[in-house]
Amino acid sequence: MNLQPGWLLLLFVCAGVRSVPVDRNAANQEAKAEVPEENGDTGLYYDRYLREVIEVLETDPHFREKLQTANSEDIKNGRLSKELDLVGHHVRTRLDELKRQEVSRLRMLLKAKLDSTNTQSLQMDHASLLKQFEHLDPHNQNTFEAKDLELLITTATKDLENYDAERHEEFKRYEMLKEHERREYLKGLDQEKREREEKRLQELKDRHRQHPKVNAPGSVAQLREVWEETDGLDPQEFNPKTFFKLHDTNEDGVLDEQELEALFTKELEKVYDAKNEEDDMMEMEEERLRMREHVMKNVDANKDRLVTLEEFLKSTEKKEFSNPKEWETLETRPVYTEEELQRFEVELLDREEELKRKAENLRQQQELLKERGKALEAQRKEYQQAVLEMSHRQKEQQAADGQPPAGPNGELQFQPEAQKVEDEAERPAEGQNILPAEPPQNLPSHT
């Protein structure tokens, strides 16, 4: 999906293409290569719904025109959402369908969450539960209205502004878990093995630190390196304006976050290699994020998370562009403190204890179910035995009274021998003449 600048302002390139460096040395490349689009996930739990709404709205000529002329304030304050009333009927119908699908998906998420917590979901008030999702109007679950677009815009804006901070926090927890597991692993070794393993791990750390100097992201040295090694151009002919146009790969007039992050690939390759045991690719992505934030802080004057040509050219006039501070990679600065690690380990311990309690409760419930199953089986056998004994006593009583035995349902059962005796009694004896019956007397005669 190739978004217009208006959507980029709204979504901070949440649905933009992920750029890749342009290789100027490729064979038979006479003009700028067309970079295939690749949808980058925003990380928002309603990412798909967001993208589909954008795609549908962009099919409406009127809305698309308004979007192209809108500024960031028009989008963020909700004025753009009022234009929804003027879009075509087929667009509104498709938006209604998308909203119903999203509401259905959220209901499934809620049900799964309630099931996982053993919460009773009978007579569930979906409207009340849907209020926790801020990107749509929960009171109207069937049609997509202007309020839905306004909520989607404001929620996406807020969530994306917090997204980087959440990624940093997630990475910190990842690093603390890694250190916790390292310490626990070493605790389980005897002294000789522990010393040998600690030495090996330290050697890996030292080897990771032995990498070429990393240029400060966004500096002239860093951009010249991309210009020379990626673009295949003469570093002495470096031109910021030409560089900007080369790396505005979707040609929308701005460098978005993905296009900026693509510029740091050469620097990251100096430090990280997926083939090396000592290099962690999660750390590489965190380093990429830090580099992008550094450039945005210094270049993005209006803080819309996009770099225009004017902003880019102004940044090249700053002192930091030609004479930046040395870039500190992740291994030179701690991500967490020892105090934070200790709190994290206490949290892990509490979580582990909670899981143990739940596991024990499940085990006890399983044992209880087994005991109940055994009791039910014993009752079934007792019932069967009682039925057999009653049947046996009934047959004995009937035999004593001279009655035919009863069947399984209490019906009388006659013996074949008794039936045979009765049949023989009714049959005439052998040789006995059977005379025809005398005709009736005094019958009228026919003349």
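Which residues line the largest cavity?

1. The model is predicted, so local features are taken only at pLDDT of at least 70 and side-chain atom pairs only at pLDDT 80 or more, while totals for chains, interfaces and linings use all residues. Residues are numbered from 1 along each chain as its sequence is written, and side-chain values use heavy atoms, with hydrogens and water left out.

2. The largest cavity is lined by G218, Q222, L223, L260, L263, F264, V295, V299, V307, F312 and S315, where a cavity is a set of points on a 1 Å grid over the protein atoms alone at which a 1.4 Å probe fits but cannot get out, and lining residues have an atom within 4 Å of a point. The elements giving two or more residues to this lining are helix 9 (220-230), helix 13 (281-299) and helix 14 (309-315), helices being DSSP runs of H or I with at least four residues, numbered from the N terminus.

3. The space in this largest cavity is about 90 Å³, a volume being the space filled by probe spheres set on grid points that are joined across faces, edges and corners. The structure holds two cavities of 30 Å³ or more.

4. The largest nonpolar core has 28 residues, and those with the most contacts inside it are F238, F243, L260, V307 and F312; such a core is a set of buried Ala, Val, Leu, Ile, Met, Phe, Trp, Tyr and Cys residues joined through side-chain atoms within 4.5 Å, buried meaning under 20% relative accessible area, exposed over 50% and partly exposed in between, with a 1.4 Å probe and protein chains only. Helix 13 gives this core its largest share, five residues.

5. Leaving aside residues up to four places away in sequence, F243 touches L223, V226, W227, D231, F238, L263 and F312, contact meaning heavy atoms within 4.5 Å. A second, separate core of 22 residues includes V53, F63, L152 and I153.

6. The whole structure contains 39 salt bridges, each a side-chain nitrogen of Lys or Arg within 4 Å of a carboxyl oxygen of Asp or Glu. E192 pairs with R196 in this way, their closest N and O atoms being 3.8 Å apart, and both lie in helix 8 (residues 191-209), four residues apart. E192 is exposed at 59% relative accessible area, whereas R196 is partly exposed at 48%.

7. In helix 16 (residues 338-400), E354 and R357 lie three residues apart and form a salt bridge with closest N and O atoms 2.5 Å apart.

Conventions: 1 Å grid on protein atoms, 1.4 Å probe; cavity = no way out; pocket = protein on both sides within 12 Å on 5 of 7 lines; lining within 4 Å.
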